[in-house]
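Here is a short report on a two-part question: how the chains are built, and how they meet. Please read it with the model open.

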Amino acid sequence: MSDNIILQTKGLGISFGGLHAVRDVDFVLRGGELRCLIGPNGAGKTTFFRLLSGQHTPTRGEIIYKGKPLGNLQPYQIARLGIGVKTQVPSLFEGLSVFENLELAANQTFSGLEAVSIVDETLERISLQDQRHTICQELAHGQRQWVELGQILASKPDVALLDEPAAGMTHDESLKTIEIIKEITAKSSVVVVEHDMDFIKLIGERVTVFDRGEVIADGTFKEIASNPQVREAYLGRKEAAVA
Amino acid sequence: MKNPVLNISSLVGVIVLAFAIPYFVEAFTVLNFTVYIIMAILSLSLAFVWGMGGIMVLGHSAFFGLGAYAYAIAAVNFGPGWEAVTLSMLVPATFAALLGYFMFYGRISDIYVGVITLAVTLILFNLINSTSGPQYKIGSAPIGGYNGITAVPTLSWPNGNFIDINGMFYLSVGLLILSYLFIRYYLSTRYGKVTVAIRENERRAELLGYNVAQSKLITFSIGGAIAGLAGCMFANWGSFVGPTIFGLVQSAQIIIWVIVGGRGTLIGPILSCIAIQWMTTQLGMQQVVNVGFVLGIVLTIFVLLVPSGLAPLLAKIPNVVRSRLNGKPKEDVALGSPAEEGQT
């Protein structure tokens, strides 16, 4: 692993019929890094995540994790290697309690009392101690997002892929979500996909911009905000909000 | 039902009640209740596979029939001992494992899994039906085609004594309780929790690193083994097995028991199986209405009006009564969470 690279893609691509959803993406994530991915709707961000987590099989290129190609591993095998995913739409065990949801995540890495203690710790971090026995389908949207982030915290993956963790949240909830993401970053390398430019600005880390399946820019928030290609592809429509 | 004292006292209550029944009713009723209990084991097996594991099996009678035939053939060949009982569970479990391997590792969608299992049981029905004639035999056991295998040697107690009507009833109740406790134990383990998690969200389970296909295969095979045990007891009960146990009617009945009892519960399908069979027997004694017609109405009512089933409905009653007594508004009443119901 040169330069502390934990996850890398080389010429990664996938086509659905004639549509190139992701094309020739070279991406590098280093140990302990927090990276944001932005791009307009249909830019290929979620598809890129699905490729990294094994939910889609690439038609071109390769994914290298900890120096080894992932090949055509199943999603559960990739998860066991240490890549955790928070999906775009909260994907929980709806009929199970918050505790059970987190326990299932912790059990994958830890066992017995250690797993229970990690779940308790996670409940505190996501501020859902009082809802530990609440069934997930009864939670508010923001709380559901936190439970899924809690699953990432509890399973302590080496790489966490977070797809729109603050979608549909209030400003205060978003601030709490940033706190949780920072906690995840303390143990894992993190990639965050988000539409909300204010949220990206608050995270304040390196940003990679996707458009039409390709990486069109990479840099600090300031750099990408002043990039004409990015402004045309994405920020043009959000300029007022960013300013 | 998370209170261990309540659980143990309920279990003791059921055991006492079950063991008292033969002293208060006629032998014919005991005989009928024995088959209800055997079918309750079958219902429990589908409650586990479908209700807990989320695997929709439309042809669950395949495993019941395989268990019954495996026992009958083994009992004729080796005598009615533990080997025959073991085979009655091993054969359907192995068959489930083979079938499940192709279905789950082949990532066949839920609806097709249901259709395939239904097709399999109908194939077995036709296969067994076409084995009339002396040339169709396994060892010394003639398969018998449509006539089935008659005079199946039945089990004896370990001391060699013949198991009478009451004994068969007690044995069936004992096996039902053991099967229930085994499933409860399994569901409390790490593997069991994953089984339920997969029912709730297969994709999330996979993204957390759980091998969904493997877990489903284990669930399916365990369910097959328990259904096979029910088949073994059924063969012992009537000393006969016939191809109709693979039939569509048998498969449909198991599904009705689970739907009416409540998917996601274990007690519900046991109770509904016993209740529906009792009702079927009672209705069969009169000539006014058709039994199938009434069963259809019961199923329709439950699907439309009580979709969660009998057990969750019964679980709500104490809370509703308590709230009425305390004068609390309805909204404040915790009506039994799905997770609690899932543990029932």
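The sections below cover the basis, the sheet, the annotated segments, the cores and the interface.

## Basis

This is a predicted model: local features need pLDDT of at least 70, side-chain atom pairs count only at pLDDT 80 or more, and totals for chains, interfaces and linings use all residues. Residues are numbered from 1 along each chain as its sequence is written, chains are lettered from A and ligands numbered from 1 in the order written, and side-chain values use heavy atoms, without hydrogens and water.

## Sheet of chain A

Chain A holds an open sheet of 6 strands, ordered S6-S7-S8-S3-S9-S10, with mixed pairing. Strands are DSSP runs of E (at least two residues), helices runs of H or I (at least four), numbered from the N terminus. Two strands pair if DSSP finds at least two bridges between them. S6 (83–86) and S10 (214–219) of chain A are the edge strands, each pairing on one side only. The twist averages 20 degrees from one strand to the next. S6(A) and S7(A) (residues 159–163) run parallel, joined by 4 bridges. A:Ile83 has A:Val159 in S7(A) as its bridge partner.

Axes are lines fitted to C-alpha atoms, for helices over the stretch in contact (heavy atoms within 4.5 Å), with angles from 0 to 180 degrees between N-to-C directions.

## Annotated segments of chain B

An unreviewed UniProt entry annotates "transmembrane region" in chain B, including residues 31–50 and 208–231. Such annotations may be inferred rather than shown by experiment. Residues 31–50 of chain B are 100% helix, with end C-alpha atoms 29 Å apart. Residues 208–231 of chain B are 83% helix, with end C-alpha atoms 37 Å apart.

## Nonpolar cores

A nonpolar core joins buried Ala, Val, Leu, Ile, Met, Phe, Trp, Tyr and Cys residues through side-chain atoms within 4.5 Å. Buried means under 20% relative accessible area (1.4 Å probe, protein chains only). The largest core has 147 residues; A:Leu162, A:Ile184, B:Tyr69 and B:Phe220 have the most contacts inside it. Helix H2 (residues 27–52) of chain B gives the most, with 16 residues.

## Interface

The contact takes 27 residues from chain A and 21 from chain B. About 2,200 Å² is buried between the chains, 52% of it from carbon and sulfur atoms. Buried area is the accessible area (1.4 Å probe) lost on being put together, summed over both parts. B:Arg204, B:Leu207 and B:Leu208 supply 28% of what chain B buries against chain A, more than any other three residues.

How values were computed:
Buried means under 20% relative accessible area, exposed over 50%, partly exposed in between (1.4 Å probe, protein chains only). Buried area is the accessible area (1.4 Å probe) that two parts lose on being put together, summed over both.
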